[in-house]
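Colleague: I am new to this structure. Please take one part and walk me through it closely.

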Amino acid sequence: MKKLFSVVLLVSLLISAFAAPALAESPMVGGWGVNTENPTEIPQEVTDAFNKAVEGWTGSNLEPVAYLASQVVAGSNYCLLCKSTLVTLDPTVSYMFVYIYADLEGNAKILRIADIDYSAFEQDAE
């Protein structure tokens, strides 16, 4: 529960940070547009790109939790907060940022995955 609260807090902080005046409400070519409406509602085109990008992915199950931002390029880049569950006898769960690129022909791939550093949220038990 503490970890989930930390993730929700982190998502809120990221949305606030991305929503700086330098970013436009509607994305411009090359600029990131932040999803400030409802990050947990993931549009169908983003879901389709995610599903296409993770085809053949092994080692963990990735589940989109929030759609954070997009970038218009020759296609689109998407940033998603994802829950990752390792496929092991004793599965562990973590959260990470997954960046997806969807081209104009309907192909998609994972650009990068960034782990979340939880150390800033951890507190010593008193």
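Predicted model: local features only at pLDDT ≥ 70, side-chain atom pairs only at ≥ 80, totals over all residues.

Modeller: Now to your strand. In β3, 9 of the 12 residues are buried, so the rest of the structure largely encloses it. The strand covers residues 75-86.

Take its two neighbours in turn. On one side is strand β2, residues 60-73. β2 and β3 run antiparallel, and 12 bridges join them. The two make a hairpin, with 1 residue between them.

Next comes strand β4, residues 93-102. β4 pairs with β3 over 10 bridges, again in the antiparallel sense. These two strands also form a hairpin, here with 6 residues between them. Tyr78 has Ile100 in β4 as its bridge partner. Leu80 stands opposite Val98, also in β4.

Now step back to the sheet. It is an open sheet of 5 strands, in the order β1-β2-β3-β4-β5, with antiparallel pairing. Its edge strands are β1 (32-34) and β5 (108-115), and each of these pairs on one side only. Neighbouring strands in the sheet are turned against each other by 35° on average, direction ignored. In that order, β3 sits between β2 and β4.

A helix belongs in the picture too. Helix α2, residues 44-53, lies across β2, β3, β4 and β5. Relative to β3, α2 runs at about 65°. So what surrounds β3? Because 9 of its 12 residues are buried, the strand is largely enclosed by the rest of the structure. Bridges join β3 to β2, and others pair it with β4, while α2 lies across it.

Is Ser76 buried or exposed? Its relative accessible area is 18%. Buried means under 20%, so Ser76 counts as buried. Leaving aside residues up to four places away in sequence, Ser76 touches Gln71, Ile100, Tyr101 and Ala102. Look up two of those in the strands already described. Ile100 is the bridge partner of Tyr78 in β4.

Methods: Residues numbered from 1 in each chain as written. Heavy atoms only, no water. Helix = DSSP H or I, 4+ residues; strand = E, 2+ residues; numbered from the N terminus. Buried < 20%, exposed > 50% of the residue type's maximum accessible area, 1.4 Å probe, protein only. Contact = heavy atoms within 4.5 Å. Pairing = 2+ DSSP bridges. Axes fitted to C-alpha atoms, helices over the stretch in contact; angles between N-to-C directions.
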